Every structure is written in structure tokens, then in C-alpha cells.
Amino acid sequence: MMTRLPHGLRNTHKMEDIIIKIMMLENEVNDDIDMLVDLKDEIMGVIGAVDEEECRLVLEKRYLCYETWEEIALDMHCGLRTIYRIHGEALKKIAVP
């Protein structure tokens with residue numbers, strides 16, 4: 001015959017396990033966020049080191065502002081082929097750490 005636990009004691013260990021798991025997941029998420037912030041800082045540094053302004057602008061718009069090629073072309077008053085050409089030049093100027 002099963003004995004019933006008083007209402008306040010029911011599933012205490014299960015709740016504790018869930019709370020510990022939540023805390024561990026929060027720590028993992030925070031670690032991932034820290035890593036992504038560091039990575040974005042590194043990307044900003046690499047892009048910032050490109051000396052030609054037009055190339056740097058295309059890289060910033062694409063990889064930091066997440067603009068589409070069409071949006072970049074519109075913003076810069078260029079055609080898509082020109083943006084692709086500038087992007088290709090910009091990639092050649094990047095020094096990968």
C-alpha cells in the first residue's frame with residue numbers, strides 16, 4: 001500500500017532537480033551570449049581594419065546590420081553587380097586573425 005506524502009512535501013526533489021536544470025541552462029545561455037558578443041567584437045575589429053570606406057561600408061551593412069544585397073545597393077545608390085564587386089574587393093582586404 002502506498003503512503004501519501006503531505007501536500008507540501010510532494011515532489012520536492014523533482015522540483016529541486018528542475019530548478020537546478022534551469023539554472024544550468026541559464027548558465028549555458030549566458031556563456032553562449034558572452035561568446036557571441038566576443039565574436040561580434042572580433043568581426044567589428046576585422047571589418048574596421050579595412051581601409052577603403054566603400055568596402056568597409058558594404059561589409060558592415062551585410063555582416064553587422066544584416067542587410068540584404070538589394071538593401072545595400074539601394075542605400076549606396078548602386079546596382080547589385082557593383083555591390084557584389086565591392087564585396088569581392090572587400091573580402092580580399094580582410095585579414096583573418
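Me: What should I keep in mind about the numbering and the model before I read any feature?

Reply: Residues are numbered from 1 along each chain as its sequence is written, and side-chain values use heavy atoms, with hydrogens and water left out. The model is predicted, so local features need pLDDT of at least 70 and side-chain atom pairs count only at pLDDT 80 or more, while totals for chains, interfaces and linings use all residues.

Me: How many helices and strands does the protein have?

Reply: Helices (H or I, at least four residues) and strands (E, at least two) are DSSP runs, numbered from the N terminus. In this protein there are four helices and zero strands, and the pattern along the sequence is α-α-α-α.

Me: What share of the residues counts as buried, and how much area does the protein expose?

Reply: Buried means under 20% relative accessible area, exposed means over 50%, and partly exposed lies in between, with a 1.4 Å probe and protein chains only. Of the 97 residues, 18% count as buried. Accessible areas come from the Shrake-Rupley method with a 1.4 Å probe, and for residues only the protein chains shown count as cover; the protein exposes about 8,000 Å², of which carbon and sulfur atoms supply 60%.

Me: Which residues of helix 2 are buried, and where do they lie around the axis?

Reply: The general idea is that an α-helix has 3.6 residues a turn, so residues three or four places apart point the same way. In helix 2 the buried residues are Cys-55, Val-58, Leu-59 and Lys-61. They cover an arc of only 165° around the axis (taken from the directions from the helix axis to the C-beta atoms), which puts them on the same side of helix 2. These buried residues pack against helix 1 (12-48), helix 3 and helix 4.

Me: Which residues does Val-58 contact beyond its neighbours in sequence?

Reply: Contact means heavy atoms within 4.5 Å. Val-58 lies in helix 2 (residues 53-63) and counts as buried because its relative accessibility is 0%. Leaving aside neighbours within four places in sequence, Val-58 is in contact with Trp-69, Ile-72, Met-76, Ile-83, Ile-86 and His-87. Val-58 and Trp-69 are eleven residues apart in sequence, and their C-alpha atoms are 9.1 Å apart in space.

Me: Which residues touch the most other members of the largest nonpolar core?

Reply: A nonpolar core is a set of buried Ala, Val, Leu, Ile, Met, Phe, Trp, Tyr and Cys residues joined through side-chain atoms within 4.5 Å. The largest one has 13 residues, and those touching the most other members are Cys-55, Val-58, Leu-59, Trp-69, Ile-72, Met-76 and Ile-83. Helix 2, helix 3 and helix 4 each supply at least two residues of this core.

Me: How many aromatic pairs are there, and how is such a pair described?

Reply: A pair of aromatic rings is described by the distance of the centres and the angle of the planes. Rings of Phe, Tyr and Trp (its six-membered ring) pair if their centres lie within 6.5 Å, and planes under 30 degrees apart count as stacked, over 60 as edge-to-face and the rest as tilted. By this rule the count comes to one aromatic pair. The rings of Trp-69 and Tyr-84 have centres 5.6 Å apart and planes at 75°, so the pair is edge-to-face. Because Trp-69 lies in helix 3 and Tyr-84 in helix 4 (residues 80-93), the pair ties together parts that are 15 residues apart in sequence. Trp-69 counts as buried at 17% relative accessibility, whereas Tyr-84 counts as partly exposed at 40%.
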